[in-house]
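User: Could you walk me through this one? I have some questions about how the chain is put together.

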Amino acid sequence: MTNRYAIILAAGQGTRMKSKLYKVLHPVMGRPMVQHVMDQLEALDLEKVVTVVGCGAEKVKEQLGERSLYALQEQQLGTGHAVQQTEALLANKKGTTLVVCGDTPLLTKETLAKLFDQHQKTNAKVTVLTTIMDDPSGYGRVIRNKSGDVEKIIEQKDATPDQRLITEINTGTYCFDNQFLFDALTLVTNNNAQGEYYLPDVIEIAKMKDEKVTAYQTSDSNETIGINDRVALAEAEKIMKQRINKQHMRNGVTIVDPDQTYITPSVEIAADVVIEPGTIIRGVTKIGSQTIIGPNSEIEDCQIGEETKITHSVVHQSKIGSHVNIGPFAHIRPNSEINNEVKVGNFVEVKKSSIDIGSKVSHLSYIGDAEIQKGVNVGCGTITVNYDGENKYKTTIKDGAFIGCNSNLIAPLTIGRGAFVAAGSTINKDVPDEALSIARAKQMNKADYAKKFNKLSK
Ligand code: UD1
Ligand code: CA
């Protein structure tokens, strides 16, 4: 038993976001803020995590699922009142309770672990995580007495002009002796500028009762920003982007321009991968060694092999093998499987199709609902005609077939092994193995006929 608990405050509307989406669900690098907080807590070996929900309760619960227990705060009467709602789940526990806000997504487990440790080592009833902010506006200020001990927190709206000059801020993160916390909360009032029950008032109550209060000041103020509006959201995005990129670079990935590269937290990249500028890699994506992605590519939920090259292209929910060449300007849509040594070239769209080893679709083609087997050459401008306005049909092109340029393959259709389709054909019947199929109007040449229009001959 660690006797360590945590509460995430996530019941607020987030009025300053001016959004229909509840604040803690706004994504930072593609992941809702509250999930980032949860990710860090999960690494801390806690007995229980309770999330206080209110505005958008169902949505927040749906997001975190069974990762947390929940307490409902029906009316948002302040952060102190929010913590009180967890009473039924936590009040009689002996131990330490960490309180974090759902809108501080950059906090790390390392800092939280240090906060726990300092709190327990000093035997304090309250330990508040503070930092120095160049611009402290909007935050609660930490008021210390002459000997440097924390006396109380004053919210911006309640602060005097002098107090507003203080740059040490309350990060909204605390460790409390659990039983003390719930006793002290009964003494918090809403006699302040916002008419709310403030959680930080517990500090002043502890001091009045001669209980020990300490502060743990972190030097990394980037970790503690609270996201109240879209300006802070963009700042958080930038900080998290840098943090993720640095980690990949330390693991041996070359990121040519880290400011222009967006990689979400769940992406795995092997050493010696090169990411060129303007690239976005999201979701559950895994990239094998020596692959080059970018410039200007978007990859989402993909498995990508080794020594593959994807340039100026969009690839979603697909599997890409090794030694594959994609782009420039290709679009691989969901549920596609591109096997080793395949080439998908300029202006090619592939949808829900498989392309097997060594096949080439090099230029200007649409491949939808198709199975292209090994060693097939699909000529420029080929279209699998997969949709009749109501249903979608499959095209199969067997091993070693050769499809001439500008062919329409009207599905359902099978092109046999080693078959040839002549350029410009519209094929709507199966082609047997090794047959040549031509389906186009026969050419007719009329001698001297052009002389009538041709200026050259006048
Ligand atoms: C709070 C702190 C402030 C600190 C800052 C750090 C208080 C009174 N102020 O201010 O000292 O500097 O965080 O970021 O605590 N919430 C609820 N129920 C409520 C009110 C809020 O669950 O009734 C949740 C919100 O969803 C949010 C968190 O508590 O996740 C903090 O609330 P917010 O309104 O953002 O507080 P700040 O004004 O930022
Ligand atoms: Ca906040």
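This is a predicted model: local features need pLDDT of at least 70, side-chain atom pairs count only at pLDDT 80 or more; totals for chains, interfaces and linings use all residues.

User: OK, and which residues of H8 are buried?

Analyst: In H8 the buried residues are Asp201, Val202, Ile203, Ile205 and Ala206, where buried means under 20% relative accessible area, exposed over 50%, and partly exposed in between (1.4 Å probe, protein chains only). Their cover includes strands S7, S9, S10 and S11 together with helix H7, contact being taken as heavy atoms within 4.5 Å.

User: And H7 itself, how many of its residues are buried?

Analyst: Helix H7 (residues 178–185) is mostly covered, with 6 of its 8 residues buried, namely Asn178, Phe180, Leu181, Phe182, Ala184 and Leu185. What covers them includes helices H3, H4 and H8 as well as strands S6, S7 and S10.

User: Switching to the metal: what coordinates the calcium ion?

Analyst: The calcium ion (ligand 2) is coordinated by Asp103 through OD and by Asn228 through OD1, at 2.3 to 2.4 Å. Donors are N, O and S atoms within 2.8 Å of the metal (3.2 Å for Na, K and Ca), and since water is not among the atoms, sites may look incomplete. The pair links distant parts of the chain, 125 residues apart: Asp103 is in the loop between S6 and helix H5, and Asn228 is in the loop between S11 and helix H9.

User: Is Asp103 buried or exposed?

Analyst: Asp103 counts as buried, because its relative accessibility is 11%.

User: You mentioned H9. Which residues does Asn245 touch there or elsewhere?

Analyst: Asn245 is placed in helix H9 and touches Ile255, Pro258, Thr261 and Ile263, leaving aside residues up to four places away in sequence. With 0% relative accessibility, Asn245 counts as buried.

User: Which residues touch the most other members of the largest nonpolar core?

Analyst: Among the 58 residues of the largest nonpolar core, those are Ile338, Val344, Ile372 and Ile415; such a core is a set of buried Ala, Val, Leu, Ile, Met, Phe, Trp, Tyr and Cys residues joined through side-chain atoms within 4.5 Å. H9, strand S32 and strand S38 each supply at least two residues of this core, and the largest share, 6 residues, comes from H9. A second, separate core has 31 residues and includes Tyr5, Val128, Phe182 and Ile203.

User: What stands opposite Ile338 in the sheet?

Analyst: Ile320 stands opposite Ile338, which is in S26, and strands S23 (residues 319–320) and S26 (residues 337–338) run parallel, joined by 2 bridges. They belong to an open sheet of 9 strands, with parallel pairing, in the order S14-S17-S20-S23-S26-S29-S32-S35-S38, where two strands pair if DSSP finds at least two bridges between them. Strands S14 and S38 stand at the edges, each with a single partner strand, so one side of each is left without a neighbour in the sheet.

User: What other open sheet is there, say one with 11 strands?

Analyst: That open sheet is also parallel in its pairing, and its 11 strands follow the order S12-S15-S18-S21-S24-S27-S30-S33-S36-S39-S41. Within it, Lys309 stands opposite Asn325 in S24.

User: Last topic, how are the rings of Phe402 and Phe420 arranged?

Analyst: Phe402 and Phe420 form a stacked aromatic pair, 5.0 Å centre to centre with 15° between the planes. Rings of Phe, Tyr and Trp (its six-membered ring) pair if their centres lie within 6.5 Å, with planes under 30 degrees apart counted as stacked, over 60 as edge-to-face and the rest as tilted. Phe402 is in strand S36 and Phe420 in strand S39, 18 residues apart; Phe402 counts as partly exposed at 34% relative accessibility, and Phe420 counts as partly exposed at 41%.

Technical notes. Residues are numbered from 1 along each chain as its sequence is written. Chains are lettered from A and ligands numbered from 1 in the order in which they are written. Side-chain values use heavy atoms; hydrogens and water are left out. Helices (H or I, at least four residues) and strands (E, at least two) are DSSP runs, numbered from the N terminus.
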